[in-house]
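Here's a quick tour of a protein model, written for someone who likes cut-offs spelled out. Have the viewer open and follow along.

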Amino acid sequence: MFELQTPAAESPIRTVRPRSPWIGAQTHAPQARLRLIAFHHAGGNAGFFVPWVRYFQAMDWIEFVAVQLPGRGRRLGEAPYDSLEPLMAAVQQGLEPLLDRPYVLFGFSMGAILAFELALRQQQTQHRRPAALILAGRGAPRTQPPAVQRGAFSREKILRELQRLGGTDPALLADGPFMEVFMRTFQADFMVADGHHCPQAQTLQCPLHVWGGADDPEVPIERIYRWDAFSGQGFAGRLFPGDHFFLKSAHAAAMDNLMEILEKARRVQ
């Protein structure tokens, strides 16, 4: 869960926009007719998607954007959000310029919550919906939040939880000054992730794809497939070899499946 890192008949779409703080990484494809917007995991940052930037940088039909949340990376000086509602209001407003053309949303772990909630809010406000929604490393929402939330853990207990989850360099966890800087981000992200719940399943009017790691200790396989209750235009669940960070260990297979989804979204636009 946690990882820290240092056509011819139509006129092409051209956009010129200022650099947004919400854009942590981006490919240059000004004529692209499809945009892939990715949300990083809790405790992470847009740098997690650097391999994806390299993968997509030579493609002119799709633009890839990795979202950067406050409290990390270039936004380290900003306070991280510790509540979902104000975070999603800021996300929807901040990403509005990126939703001007067909787009696909991708979210990993806590980022899956944000991608799901953004798709839902776009639908509820009758704005452009995503051409597809891809969620990875996150089980379907529970009807109620857990009684014990990790955001209230002590520093020592949060460190033990990070060690259990993996994905963070042990040397960083042992670095006192480093942890002093990032502890508030860990706590805030835990509060957002653990607080998410849906009393009733909300039907999404877009294709829904959910990926899981076959050996993920954080997300039981059954919760991957429970996302089917939220699908209104098709559901596809898929397991990849690996633990919670299977996007790294099964990178090639994940990208192959991602390209299949993007190609289909591209054809139906």
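## Ground rules

This is a predicted model, so local features need pLDDT of at least 70 and side-chain atom pairs count only at pLDDT 80 or more, while totals for chains, interfaces and linings use all residues. Residues are numbered from 1 along each chain as its sequence is written, and side-chain values use heavy atoms, with hydrogens and water left out.

## The big picture

The protein chain has nine helices and seven strands (DSSP runs numbered from the N terminus: H or I of at least four residues for helices, E of at least two for strands). Of its 269 residues, 54% are buried; buried means under 20% relative accessible area, exposed over 50%, and partly exposed in between, using a 1.4 Å probe and protein chains only.

The accessible surface of the chain comes to about 12,000 Å², and carbon and sulfur atoms account for 51% of that. Areas come from the Shrake-Rupley method with a 1.4 Å probe, and for residues only the protein chains shown count as cover.

In soluble globular proteins, nonpolar side chains tend to be buried together. Here, the largest nonpolar core has 41 residues, and Phe39 and Leu133 have the most contacts inside it. A core is a set of buried Ala, Val, Leu, Ile, Met, Phe, Trp, Tyr and Cys residues joined through side-chain atoms within 4.5 Å. Among the elements supplying at least two residues each are strand S2 (34-39), helix H2 (84-95) and strand S5 (132-136). Helix H3 gives the most, with nine residues.

Leaving out residues up to four places away in sequence, Phe39 touches a list that includes Phe49, Val67, Leu105, Phe108 and Leu118 (contact means heavy atoms within 4.5 Å). There's also a second, separate core of 35 residues, with Phe64, Ala136, Trp211 and Met255 among them.

## Salt bridges

Side chains of opposite charge can pair when their charged atoms come close. With a salt bridge taken as a side-chain nitrogen of Lys or Arg within 4 Å of a carboxyl oxygen of Asp or Glu, the count is nine. Asp100 and Arg35 form one of them, at 2.9 Å from N to O. Asp100 sits in the loop between H2 and S4 and Arg35 in strand S2, so this pair ties together parts that are 65 residues apart in sequence. Asp100 is partly exposed at 36%, whereas Arg35 is buried at 0%. Shared partners join Arg35, Glu63, Asp100 and Arg101 into one network.

Glu117 and Arg121 also pair up, at 2.3 Å from N to O. They are four residues apart in helix H3, which means about one helical turn separates them. Glu117 is buried at 7% relative accessibility, and Arg121 is buried at 13%.

Thr185, in helix H6 (residues 176-195), is buried at 1% relative accessibility. Beyond its neighbours within four places in sequence, Thr185 contacts Gly71, Arg72 and Pro80.
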